[in-house]
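This report describes selected features of one protein structure.

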Amino acid sequence: SAEFSVDRTRHLMSFLTMLGPSPDWNVGLSAEDLCTKDCGWVQKVIQDLIPWDAGTDSGVTYESPNKPTIPQEKIRPLTSLDHPQSPFYDPEGGSIAVVARVVIERIARKGEQCNIIPDNVDDIVADLVPEEKEEDDTPETCIYSNWSPWSACSSSTCDKGKRMRQRMLKAQLDLSVPCPDTQDFQPCMGPGCSDEDGSTCMMSEWITWSPCTVSCGMGMRSRERYVKQFPDDGSMCKVPTEETEKCIVNEECSPSSCLVTEWAEWNECSASCGIGMKKRHRMIKMTPADGSMCNTETTEVEKCMMPECHTIPCMLSPWSEWSDCSVTCGKGMRTRQRMLKSAAELGDCNEELEQVEKCMLPECPIDCELTEWSKWSECNKSCGKGHIIRTRMIKMEPQFGGAPCPETVQRKKCRIRKCLRGPSLEKRRWKEAREKRRSEHTKEDVEGEPYPGCKMRPWTAWSECTKLCGGGIQERFMTVKKRFKSTQFTSCKDKKEIRACNVHPC
């Protein structure tokens with residue numbers, strides 16, 4: 001408790017007190033006016049308080065460790081949707097819990113008063129007149145705050161809807177006298193609609209505000225709408241189609257100020273009836289020229305009131321944790337669910353109970369992929385032991401740890417027939433015939449490998465490889481230059497050799 005004095009020049013009361021332990025939460029009042037309209041002093045004010053965040057220390061619970069908020073944020077009221085671990089969290093987004101109550105009571109009057117009526121019992125009653133007198137049956141012992149602005153109409157068309165406003169009961173001086181409701185409803189229709197049948201002028205919704213005429217300081221902006229349907233009686237529409245208002249962008253234009261865009265339009269209210277939340281955003285156009293940090297808020301949140309809810313709202317459990325991804329690698333899907341807590345027969349509930357979203361895990365391994373084996377080549381020798389080969393190509397290189405490529409060339413032995421070896425009659429005759437030919441043809445060059453009964457031309461050059469990679473084949477040939485009629489051998493014929501080439505993978 002505390003005692004303090006007020007006078008005609010100092011009549012606004014503000015105070016702040018911290019909640020401990022907590023990050024930097026507090027409660028208080030700002031500029032609470034203790035004057036009455038009739039220039040008297042209020043007798044008693046009772047005000048319930050909700051918690052605020054000072055913006056200097058980050059944390060979500062009462063016992064969060066110290067963690068300074070850098071840069072500091074603006075002081076703001078806590079909401080029931082700030083964080084799931086917050087003690088004030090409400091998945092339905094209801095009103096924030098009241099954590100304190102302040103009672104301000106007038107003890108005495110001193111000195112010269114500024115009200116005309118003498119300070120007596122009647123004067124006290126006069127002091128208790130509500131600040132905003134409405135033409136209703138509100139008892140003088142009920143002290144209310146001012147009415148809030150009217151909410152948007154529940155109907156955006158020319159069908160009849162409702163709008164609401166509310167006020168808060170600040171003090172009830174006589175508990176035996178009931179105080180009227182704190183909510184007020186009024187019939188309404190969508191923008192540009194009239195109750196007069198036959199003369200209704202159907203208007204479109206307002207088109208978004210134009211940009212402010214200045215980028216710094218105070219300017220003007222405008223918005224328009226158009227006539228969707230003229231009155232049936234042929235009269236002209238008298239509803240305005242354009243409106244203008246002042247706008248302020250970047251109040252400070254010094255080198256240390258942060259240039260931002262104008263606020264965008266408010267999002268729709270999060271509730272279709274009752275009290276919800278709405279947001280609006282703006283963007284940073286330019287950071288301060290002096291290199292300092294930008295402390296400007298880019299998101300604003302405030303409560304919004306819709307007409308009173310006449311049906312029982314969906315009572316839903318919080319969302320479950322996301323399920324594991326449907327795959328162990330690559331792209332998949334994951335889901336989460338929530339449950340309907342209220343009985344279905346209490347009212348229709350169209351809220352979704354399951355959500356699905358994509359998920360991405362590390363890429364799946366891709367194994368090496370090969371073509372089919374080619375046919376076996378011909379034997380690379382015309383007699384004796386040789387080999388044949390076959391090849392295959394790489395269609396896909398291994399990726400992300402996939403299986404490596406196996407061999408792309410295979411060879412195996414081949415044996416056509418035995419080559420003539422060792423001393424024999426035929427070989428001796430062949431040698432004798434060769435010596436005889438050499439003596440008869442001393443001017444001729446004998447090139448290439450000697451074959452019985454014939455003279456061969458030299459081997460041709462190897463042909464180009466049939467493939468650039470992955471295993472190909474080259475060939476070369478030796479043709480008969482001359483056959484000897486006296487020979488008894490039948491092996492005098494053209495020769496062909498094959499070998500593998502470019503066996504490296506593609």
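This is a predicted model: local features need pLDDT of at least 70, side-chain atom pairs count only at pLDDT 80 or more; totals for chains, interfaces and linings use all residues.

Strands of a sheet pair through backbone hydrogen bonds, either parallel or antiparallel.

The antiparallel pairing of E1 with strand E2 (residues 25-33) extends over 6 bridges. Phenylalanine 15 stands opposite leucine 29 in E2.

## Disulfides

The structure holds 10 disulfides. One of them joins cysteine 142 and cysteine 179, with sulfur atoms 1.9 Å apart. Cysteine 142 lies in strand E7 (residues 142-144) and cysteine 179 in the loop between strands E9 (169-172) and E10 (183-188), so the pair ties together parts 37 residues apart in sequence. The torsion about the S-S bond of this pair is about -95°, so the disulfide is left-handed. Cysteine 142 is buried, with a relative accessible area of 0%.

Another disulfide links cysteine 212 and cysteine 247, whose sulfur atoms are 2.0 Å apart. This link is right-handed, with 90° about the S-S bond. Cysteine 212 is buried at a relative accessible area of 10%, and cysteine 247 counts as buried at 6%.

## Glutamate 497

Glutamate 497 is located in strand E28 (residues 495-501). Is this residue buried or exposed? Its relative accessible area is 19%, and glutamate 497 is therefore buried, as the cut-off is under 20%. Among the residues that glutamate 497 touches are Asn380, Trp459 and Arg476.

Note on methods:
Residues are numbered from 1 along each chain as its sequence is written. Side-chain values use heavy atoms; hydrogens and water are left out. Helices (H or I, at least four residues) and strands (E, at least two) are DSSP runs, numbered from the N terminus. Buried means under 20% relative accessible area, exposed over 50%, partly exposed in between (1.4 Å probe, protein chains only). Contact means heavy atoms within 4.5 Å. Two strands pair if DSSP finds at least two bridges between them. A disulfide is a pair of cysteine sulfur atoms within 2.5 Å. Lists of a residue's contacts leave out its neighbours within four places in sequence.
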